[in-house]
Amino acid sequence: MKTAGAANAAQEDYLATLVSAGPMEIEMIIAKYWTDIWNYAFVLTKKHDLADDVAQDTFVQAFLRLDKFRGQSSVKTWLLKICHNVAMNQLKSAFLRKIFPVAAVRHSGQSASAESVFFAKTKLDEVWENMLELPLKHREVLILEIKYELSIADIADFLGIAEGTVKSRLHRAKAKMRMKRKEEE
Amino acid sequence: MPVTNFEDSLRREPYTEPRRVTGQQIEQIKERVAQGERKKFHFKWVIPVLLSLTVLSGVSWFNLPFMQLPKAAESIKMPSDERTLRIINKFDPDKTRSIIHQELLNNREILVLTKVIKSDEKTTLWEAGVLNEEDDSLRWLKKGEVTTPFISREQYAKLAEKGITDTLTHAFVPLRDANGRTLVIGTSIDPHTNSIDITDSNNNVYKAKKIQTSFLWYAFLPEKQKSEYRYEPSREVVTRK
């Protein structure tokens, strides 16, 4: 564990000194953080294909702005923040696309059949299913605290809201989750 | 499962099989990163190029006599970053490097600044050299280098607090421009530093250009004792050479 921790720290220090990423760094960072970023994008968008697009956009933006990463937060938190911004923009434009139907550009390049094959093989956890039914503002704070282990202060800073607001959203989110779980049982 | 213990499930993956990235997605990200850089570069030059074209077409419209410019001496053609990298790798194949900057020194030489990440030594190596035209082909001659260690977050915070002067490194490189001035290269890790003020013993100040999106800066200085120069970071953006 100690070795893994030291390797992580060295990697983050290394990223803090980079100003642009070459192919090797790109593959290393994507391999390490893809699942975390995809999961977070999925929590925000609730759609597989949109989560794919958001995760891809997150990494593209991160690599283009690598010179802005100076190690003040962990790489994961930095990527999550970019993911949050990308997802919010995607959701806004998805809303606009619904109102003004326009052809959407698809970056992921994944065919619908490839996706359906993947998701046919795998099953969504029922607790996650419950969590995805919560409003965005509740599921976001919940997942940032529980899955990504951010502190209240970090979540407040991350979302640009007051700590009190984070606490009350968390409280409500957890209460709703308990209620849903009770109903399920 | 107990009613209140939903947290454990949320700590795990949403699906029984985690959503892994595909090779195709990685390639698309790489391509888009490369395109993004090209787009930035493209946009940066569109306005000045369009302005220049407008002025040139205006001048030719009025058929002014100074349009009859003498033919410039034939100069070495600036290669693309990719071509420069191929040439350098032919002469020094053991490093994975990227091109940071290229500029014409004179009719036969191009100054090239590169970056080499040495993960095993936890350092970044910054090289300065020239592409030299000989017998219609380009040769790479490395002239000098500076090394910066990877720094930890704590070290970075301390340095930012203490002041940025200590974070400057520099090295003289045996390479001269067309005016006979010597190249000096260096690094500054402070992202707010846009240029370096170099002052000689007579209080003449020379501006060193920091390369955008890099820690590297460089300048050509008149021949003097190296110890006569003082180096100070500056936030001023240098737009001219």
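**View 1. Packing around the buried residues of helix α9(A) in this predicted model.** Which residues of α9(A) are buried? They are V166(A), R169(A), A173(A) and M177(A).

View 2. Helix α9 of chain A runs over residues 163-184 and has 22 residues. From first C-alpha to last, α9(A) reaches 31 Å, close to the 32 Å expected at 1.5 Å a residue. V166(A), R169(A), A173(A) and M177(A) are its buried residues. An α-helix has 3.6 residues a turn, so residues three or four places apart point the same way.

**View 3. The hairpin of strands β5(B) and β6(B).** Strand β5 of chain B spans residues 169-176, and strand β6 of chain B spans residues 182-187. In what sense do they pair? The pairing is antiparallel, over six bridges. F172(B) stands opposite V184(B) in β6(B). Five residues lie between the two strands. In the turn, G180(B) has a positive phi of about 80°.

**View 4. Chain B as the setting of the hairpin.** Chain B has four helices and ten strands. Along the sequence, their pattern is α-α-α-β-β-β-β-α-β-β-β-β-β-β. Of the 241 residues of chain B, 22% count as buried. Among contacts in chain B with a separation of 6 or more, 51% join residues 24 or more positions apart.

Notes. Residues numbered from 1 in each chain as written. Chains lettered and ligands numbered in written order. Predicted model: local features only at pLDDT ≥ 70, side-chain atom pairs only at ≥ 80, totals over all residues. Pairing = 2+ DSSP bridges. Buried ≥ 20, exposed ≤ 12 C-beta atoms within 10 Å, placed from the backbone. Contact = placed C-beta atoms within 7 Å. Expected span 1.5 Å × (residues − 1).
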